[in-house]
Amino acid sequence: MIDYLWPTPVLKDTAPWTPDEMEALRRFTVERFHNHKANPPEHGLPDVDVRLRVQLNLFHAEHESHAPPVWHRFRRWVEDTYRDYLLGAHGVRNAKDLRIEARCISVHYQPGMRAQPHYHHTCDHVLCLYLDCGQERSPPNARDWTVGDGELILQDPRPMAGFPFWEKVHYVETVPGLVVLHPSRLWHETNPFNAKGERTLLVVTLRVASHNYVDLYTELKGETP
Ligand SMILES: [Fe+2]
């Protein structure tokens, strides 16, 4: 279902995987996370001081060679879900014909960790699939909301009048199997993961790579004619 918040189209759904398939995706996500930490990749970006940097794409062949069978259906499902969203949320009539590019990131937290406020650049939309949200979580209606527990927080993108901030944020309770798809420029963060166990999710950044006239642009390189 697509909710129009502020109005920003945010899709919330339940993933179609069985518990065994979810467990296979979770194991793969955690294994690739630790593999990435142990084997820093070569990449072409300048070495700026960005604490949240995670340079990997689980859709690359190197990672997919380690993936469980469900992975390839997951990848196709991401594509279908995104094309349906582009049509339903934005009215893109030729959504089925567009060239779509994607990057899949494994996100893995220990208790106390959180995602700091951010948005995603270089892409148009972000899809999250929650695989593990820990154990012994407090129920939302009994939770200390001055602390929270892993909720996804989406921020109203409109300029503000003098409202208190809690009128302008949208909390999403996260559970295994939850799917959220939102525009990449939407500022968001998560409350700290305060339960027991681990928190694991797949984040897919998506972009439309055709029909957008990028090939008409010329690079400005400071050249004198
Ligand atoms: Fe994010």
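This section describes the overall fold, a helix pair and the iron site of a predicted model.

The chain contains three helices and nine strands. Along the sequence these elements follow the order β-β-α-α-α-β-β-β-β-β-β-β. The radius of gyration is 19 Å, close to the 17 Å that the globule rule gives for 225 residues, so the chain is as compact as a globular protein of that length. Along the principal axes, the C-alpha atoms occupy a box of roughly 65 × 50 × 40 Å. Of the 225 residues, 44% are buried. Among the contacts with a sequence separation of 6 or more, 81% are made by residues 24 or more positions apart.

Two of the helices, α1 (residues 19-38) and α3 (residues 70-90), pack against each other with their axes 10 Å apart and at an angle of about 95°. Because angles from 65 to 115 degrees count as roughly perpendicular, α1 and α3 are assigned to that class. On the α1 side the contact involves Glu21, Ala24, Leu25 and Phe28, and these meet Val70, Trp71, Arg73 and Phe74 of α3. Classified by residue type, the contact of α1 with α3 comprises six nonpolar and two charged residues, with no polar residue.

The iron ion is coordinated by three histidines, His118, His120 and His188, each through its NE2 atom and at 2.1 Å. Along the chain, the donors follow the spacing H-x1-H-x67-H. The pair formed by His120 and His188 links distant parts of the chain, the two residues being 68 residues apart. His120 is located in the loop between β3 (100-109) and β4 (125-135), whereas His188 belongs to strand β8 (residues 188-190).

Since residues over 50% relative accessible area count as exposed, Thr122, at 53% relative accessibility, is placed in the exposed class. Between Thr122 and Gly222, which are 100 residues apart in sequence, the C-alpha to C-alpha distance is 23 Å.

Definitions and conventions: Residues numbered from 1 in each chain as written. Predicted model: local features only at pLDDT ≥ 70, side-chain atom pairs only at ≥ 80, totals over all residues. Heavy atoms only, no water. Donors = N, O, S within 2.8 Å, 3.2 Å for Na, K, Ca; no water. Helix = DSSP H or I, 4+ residues; strand = E, 2+ residues; numbered from the N terminus. Axes fitted to C-alpha atoms, helices over the stretch in contact; angles between N-to-C directions. Parallel < 35°, antiparallel > 145°, perpendicular 65-115°, else oblique. Contact = heavy atoms within 4.5 Å. Nonpolar A, V, L, I, M, F, W, Y, C, P; charged D, E, K, R; others polar. Rg over C-alpha atoms; globule rule 2.2 N^0.38 Å. Buried < 20%, exposed > 50% of the residue type's maximum accessible area, 1.4 Å probe, protein only.
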